[in-house]
Each structure stands twice: as C-alpha cells, then as structure tokens.
Amino acid sequence: MKRISLKWKLTILYTLLITLLTGLVLAVLLSLGSGRLLASAQAALRQRVVESFDLLESREGNLTVDSDFSDREGGIYLSAYDEDGLLLAGRVPYGFASAIDFQEDTVQTAELNGSRWYVYDASTQVRDYGTVYVRGVCSVSAVEEEMNTLVKLAVVLLPATVLLSAVLCYSLVRRTLRPVSRMTRTAREIYEKRDLSRRIGIEGGRDEISTLAETFDTMLEQLQASFEQQKQFTSDVSHELRTPMAVILSQCDYLLADPELSGKDREAIQIIREKAKNLTRLISQLLLLSRADQNRQVLTMEKLDFALIGRSVMEEMEAAAQEKQILLETDMPEHLMMTGDETMLMRLWMNLAENAVSYTPPGGRVKAGCARKGNRVVGYVEDTGMGIPAEALPHIWERFYRVDSARSDSSHSGLGLSMVQWIIQAHGGEIHAESREGKGSKFVFEIPAEPGREMSAEKNEKNENPLMFL
Ligand code: ADP
C-alpha cells in the first residue's frame, strides 16, 4: 500500500476535526434557532390575539369590529366567535376546520392540507355585549420554511468551510514541514552521493524543527571532521609504513642472496619476505583508497593499449595458474587503444585475474577478454571456480569484505574488489559481477575509451569531482 505522507495525514486529520466541529456547531445553532423561531411565532400569535381585544366594541348592543381585525398582519389570521361558536368577524385560512375545539390560553398545533398551524384561543368581555372568543391562527410551515433556508445555507457553507480549511491546513502544514523535507533531502544526498559536506542550512528559526536542523548540521560538521581525520590518519599511516616495508623486503633479499645461509634460516626469511610482500600490497591498496576518498589520488591519463596490458598480466599469472593446474585463456584483440592510467588498469586486470585463479580449484579454467564496443571498452574475467553466494554478491565491493575468510589465504585482505571498483569508476565506467555458487563467476566491466572527454561532460552534469587529472 502506498504510504501517505505526514503532510496529507495532518491535513486530513485537521480537516476531519474542523468538519466535525463546524457540523456540531451548526447543528446546535440550527436546533437552538428553530426552537427560538417557533417560540417567538407562538409569542407573536398570543400577543396579536390579546391586542385584538381592543378592536372589539359594542354599539347599541351590537358588536362592532375595527377593520384592522381582518388584516393578516404578521401572517396571523384573526376570527371572533360568540358563545355559540358563531363566526362574528375576521377570517380563517382557506379550508381551515373551524371544528377545532376552543382551548383557552394554550397554543394548539393543527394539521391542514399537509401544513401545520398554530391555533391560539382567548375570550374577552365586551362591555354591553358579552363574551367574545377570539381565535388566532398562524402557519408553522412559514416558520419552518425560514428554518429550511437556514439549513440550505448551512449545507452550502459547511463544504465551503471544509474546503477552505483543508486548503489552509495543507499550506500551513507544508510550511511547517518544509525544514523536515529539507532534512530528508540532505540526508538522501549524503548517502546517495556519499558527500558529508552537505548541510540543511536552516538558520535563525526558533521553533523545534529549526533547532533540530541546526543540531543535525552541527552533528554533520563533527562527523565530517572526524571522517576527514580518519582518512588522513589512514593515508599518513600507510605512507609512513611504506618505507620500513621496503627496507624489510630489501634486507630479506640481501640475506637470501647469501649462499652460506642455512636451510632453516632461508626458510624463515622467505616466510618473512612473503608476509612483508602481502603487507606491502595491503598498505599500497589502503593508501590508494584513502587518497581516493580524499580526492587526492591522481590518475595519469595517457594513450595505451588495453589488450596489451591484459595479455601481459595474464602471462604474469601463468606460473600461479600452472601451479594449480588451471587453464588460462585470453580473448583479446591484437591492439585495443584507449586513454587511461596504465598502472591502475594493470591493477584492475591483476586483481580480477588473481581472484579468479585463487578462487578456482585445480583443473578449472580462467578466461579474460576485452573488445571495443562503440566508444567504449568492454572487458571480462570469468572462471569455473567456487562462485559467490547470492547473499554475499552485493557486498563483495565493500572494503575488507570477505565472503568466508577460510576460503582465501592470508594474502587476501578484502580490498581487491573495492580497488577494482574505484579504478573503473575513476575512469567513468561500470562493473558488475555475476556468479553461481559452485559453478563460477564472471566480472564484466565497461570503460569509456576516451574517459577524459566523456567524464568532463558527466562532471559538469553531476557537479562532482571524483578525479583529478594531471
Ligand atoms: P580478497 O582480497 O579477499 O580477494 P576482494 O575484494 O578481491 O578481496 O574480494 C572480496 C571477496 O569476494 C573475496 O573474499 C571472495 O570471497 C569473493 N570473490 C572475489 N572474486 C571471486 C571469484 N572470482 N570467485 C569467487 N569468489 C570471489
């Protein structure tokens, strides 16, 4: 199910709340209003009946009624009756059943032709004439119609209020949550572009979200500083270790050159030399990666023959392959010219080929190939080795990641493929691995034949600077 954003959730919640409250208020107002309207209609009826007594007089024993008595003032009909119920004056609504019993001093409700009426009866003593009954009648439906008009108005007003409050709520919530969107965008940029220098940049706000954004920025500042320190430290340490390692290796070679060295000593020195070589390799890989992290690794771009480099690396691997009875095959054209850093591209072939030979059991086959595809160079190294489990495949590019330390010897540090990936990316290319456990692996890559040109276009587009060219 699609996730609803907080912005919409809050808007819906507030709008529902406002709809509920407005509906409630309108319902209370309408019911109070209708009660008041009906009560005031009854009061007006009573008053008109009582006031009509002044319009009745007797002249020479006969009842005379002022002409105002017959006016339908305020929608009220007045009629006067003698003690026998005979209509003396006034009028009643058309078809009104005069058979409604007289009930003095109470407002009765009567139904006629689908309309409702209020009926109020009262009697008065007219001097020299006797008792006269006055009946007042007014339509309840007229009052109800007024109410209906109010209800119609409310029916129009309610959705309008809801719509208006929804729009206001949305814009208010959007404004309030804008810093949160910025924080999300910044966090995403940091992990997608691996760039800790990004900041949210909300300053001067006093609310909680602005304070959170400022705290987040301060935390990023500190994180960046400590990462920089860490990178610098790794780079410095690797750099400092290179010279003593070179001295150890040369001293080993010097000792091994002595023909009088005993077999036991020779064996011990050879072990030291082997370990020192592994360590030197690890140090140079670390140095390269830490420089790459600091954007300090310089690539020397020159015109070169990629196939020639590939073949020479494969020839170098021949001895190790033969030792393991692994068949090495190449599938490369005579020449494949491109622009790149020779040392780095050699490392690329070397790391992939070394892995292929290391992780392929005796009797297996390793094949490396390259070709030109348009303005790109494609290459691959495949083997019939032990393969990589599917769950480990996404992690093999991570630093110091090893699928299973038991299956590789101590010369493998887990940095080889990180370095391969960096070399490919630094040349503006891509690499991916396909593997089936127990069947073998294939590493396929693509690099622009002229990375300088393609990369400068890409660089402008992304505004990134992964490379420093000499
Ligand atoms: P390492 O120095 O340990 O070889 P890498 O970064 O080169 O480190 O490789 C990471 C892991 O990927 C290795 O530990 C290994 O398990 C696995 N791997 C790399 N290449 C192959 C291959 N050709 N066949 C099987 N597994 C491989």
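Predicted model: local features only at pLDDT ≥ 70, side-chain atom pairs only at ≥ 80, totals over all residues.
User: Which residues touch the most other members of the largest nonpolar core?
Analyst: Phe306, Leu345, Leu348, Trp349, Leu352, Trp422 and Phe445, out of 50 residues. A nonpolar core is a set of buried Ala, Val, Leu, Ile, Met, Phe, Trp, Tyr and Cys residues joined through side-chain atoms within 4.5 Å. Buried means under 20% relative accessible area, exposed over 50%, partly exposed in between (1.4 Å probe, protein chains only).

User: Which element gives the largest share of this core?
Analyst: H6, with nine residues. Helices (H or I, at least four residues) and strands (E, at least two) are DSSP runs, numbered from the N terminus.

User: What does Trp349 touch?
Analyst: Its contacts include Phe306, Met332, Tyr380 and Phe445, leaving aside residues up to four places away in sequence. Contact means heavy atoms within 4.5 Å.

User: What about a second core?
Analyst: That one is separate and has 21 residues, among them Ala80, Tyr118, Ala122 and Val143.

User: Switching to H1. How far apart are its end C-alpha atoms?
Analyst: 68 Å. At 1.5 Å a residue, its 47 residues should span 69 Å, so the two agree. The expected span is 1.5 Å times one less than the number of residues.

User: What do the buried residues of H1 pack against?
Analyst: Strands E1, E3, E6 and E7, plus helix H2. Thr11, Ala41 and Leu45 are among the buried ones.

User: Now salt bridges. How many?
Analyst: The count is 12, taking a side-chain nitrogen of Lys or Arg within 4 Å of a carboxyl oxygen of Asp or Glu.

User: Where do Glu446 and Arg376 sit?
Analyst: Their side chains meet in a salt bridge at 2.7 Å, N to O. Glu446 lies in strand E15 and Arg376 in strand E13, so the pair ties together parts 70 residues apart in sequence.

User: Is Arg376 buried or exposed?
Analyst: Buried, with a relative accessible area of 18%. Glu446 is partly exposed at 24%.

User: What about Glu228 and Lys231?
Analyst: Also a salt bridge, with the closest N and O atoms 3.8 Å apart. The two are three residues apart in helix H3, so about one helical turn separates them.

Key: Residues numbered from 1 in each chain as written. Heavy atoms only, no water.
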